[in-house]
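Please go through the pockets and the helix packing of this model, with the cut-offs behind each term.

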Amino acid sequence: MNEDFLAHRRMLLGLAYRMLGTLHDAEDVLQEAYLRWTRADRSDVVEPRRYLTRVVTRLAVDALRARQSRREEYVGTWLPEPVNTGRRDPVSASDLFSASNLHSASNLYSASNLAGASDPVDTADLIDTSDLSIAVLHLMERLTPPQRAVYVLRTAFELPYAEIAAILDRSEEDSRQLHHRAGAALAGRARFSTDPAEHTRLLEGFVAAARDGDVERLEQLLHEDVVAWNDGGGKVRTGPNPIRGRAKVVRFFVAIMRRHTPAGPRPFTAVPTGVNGQYALLVDANYRYTMCVNVVDGRIQDLFRIANPAKLSTFGGERS
C-alpha cells in the first residue's frame, strides 16, 4: 500500500506544486492525499496513479479556492515559493561584482554546478522545475482553479481530455474550453526567455549597475514598463506594492545598493544560485531574499524578490 504511494510521490508533488506554487501547500495536499489513500477501498482502485492524480488534483483545487478567499489577509504582494536548484557557496559582495566573477557568471550556472554543487532540501530534489520559472508560476495566478488544473494536467502531464474530465468531474468539451481559456490567459508566456546565459548576463549586469549607481546602464537593461515584485509576507519590510515603471525601479534599487555596499554600514553577501532552474541570487543583507528576473526580448520585464522566510525553506529558511 505505502509502496504504491511512494512510487508516485515525485509525480504527485510536482502536480501539487504546479497547482499551488508553494512547497508548503503541496506537501499539505500530499499528506491529506496519503491519509485518503490509506483509507481507500483497494478493490475500487484499478490504477493507483490515476486514482492518486484525481485525489491530489481535487485537493489542490480546493486549496487554491481557500487560498484565494484568504488572499486579502496576505500582507503585500504574494509570490510563488522558490525552489533551490543552484549552488550555495557564499560570495562576498566585492567578489560577486568583480569583473572576473561577472565574466564567469555563466560558469556558475553550468549544468555540472547545478547538478553537483547544490544542497537543497530533499523535497526540492523531488520536483523538476525546469519548466516552472517564478515568472510562469506568477502568471498562472491569473487562472481560476479549474483552469489551472486543466492546464497543468494537459500541458505538464499530457493527459487526454477524457481523463481530465473524469478527474475534475466535468465534460470533455468543458475541459477543452477551460484549457483554451487558460492558454489565452497565459499567452504572454511564449515571450519569456529561457536562455540561462541571457538571465545570468542581465541579472548580474543589473545588480552591478545598481551598485555603481549607473542609471544609464540600468535603463538599458530594463523594459520601460518593468515591474519589481517584492514578497515579504508581512514578516520582512519589502514594500507593500509592486514598483512599476523603469524610472521608479531604477531609483528603488540604486537606493537599496547604496545602503548595502561592501564597505558600507550594512554589507551583504550574495550567493549565485538557481531558482526553479533559472539563474538567481540569494542575498543576505538586513534580511535574506532570492532575486531572479523575467526576460522578454533581451531586457528585464520583471524582477522578483522573495523575502518571506516561510518561502525560503529550500534555502535554509524556516517554515511557518
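Helix 3 (23-39) and helix 4 (48-70) each supply at least two residues of the lining of the largest pocket, where helices (H or I, at least four residues) and strands (E, at least two) are DSSP runs numbered from the N terminus. The model is a predicted one, in which local features need pLDDT of at least 70 and side-chain atom pairs count only at pLDDT 80 or more, while totals for chains, interfaces and linings use all residues. Residues are numbered from 1 along each chain as its sequence is written, and side-chain values use heavy atoms, with hydrogens and water left out.

**Pockets**

- The largest pocket has a volume of about 410 Å³; a pocket is an open set of points on a 1 Å grid over the protein atoms alone, where a 1.4 Å probe fits, with protein on both sides within 12 Å along at least five of seven lines, and a volume is the space filled by probe spheres set on points joined across faces, edges and corners.
- Its lining counts 17 residues, of which Asp25, Arg70, Tyr74, Trp78 and Lys311 are the closest to the centre; lining residues have an atom within 4 Å of a point.
- By class, four residues of the lining of the largest pocket are nonpolar, five polar and eight charged, with Ala, Val, Leu, Ile, Met, Phe, Trp, Tyr, Cys and Pro counted as nonpolar, Asp, Glu, Lys and Arg as charged, and the others, Gly among them, as polar.
- The second largest pocket, with a volume of about 320 Å³, is lined by 15 residues, and Leu139, Arg142, Phe192, Asn294 and Asp302 lie nearest its centre.
- Seven nonpolar, four polar and four charged residues make up the lining of the second largest pocket, to which helix 10 (134-140), strand 2 (222-231), strand 6 (288-296) and strand 7 (299-306) each supply at least two residues.

**Helix packing**

- Helix 2 (residues 9-20) and helix 3 pack at an angle of about 130°, with their axes 8 Å apart; axes are lines fitted to C-alpha atoms over the stretch in contact, and angles run from 0 to 180 degrees between N-to-C directions.
- Helix 2 is therefore oblique to helix 3, since angles under 35 degrees count as roughly parallel, over 145 as roughly antiparallel, 65 to 115 as roughly perpendicular and the rest as oblique.
- The contact of helix 2 with helix 3 (heavy atoms within 4.5 Å) has nine nonpolar, no polar and three charged residues.
- The axes of helix 4 and helix 12 (residues 161-168) come within 9 Å and cross at roughly 60°, and these two helices are therefore oblique to each other.
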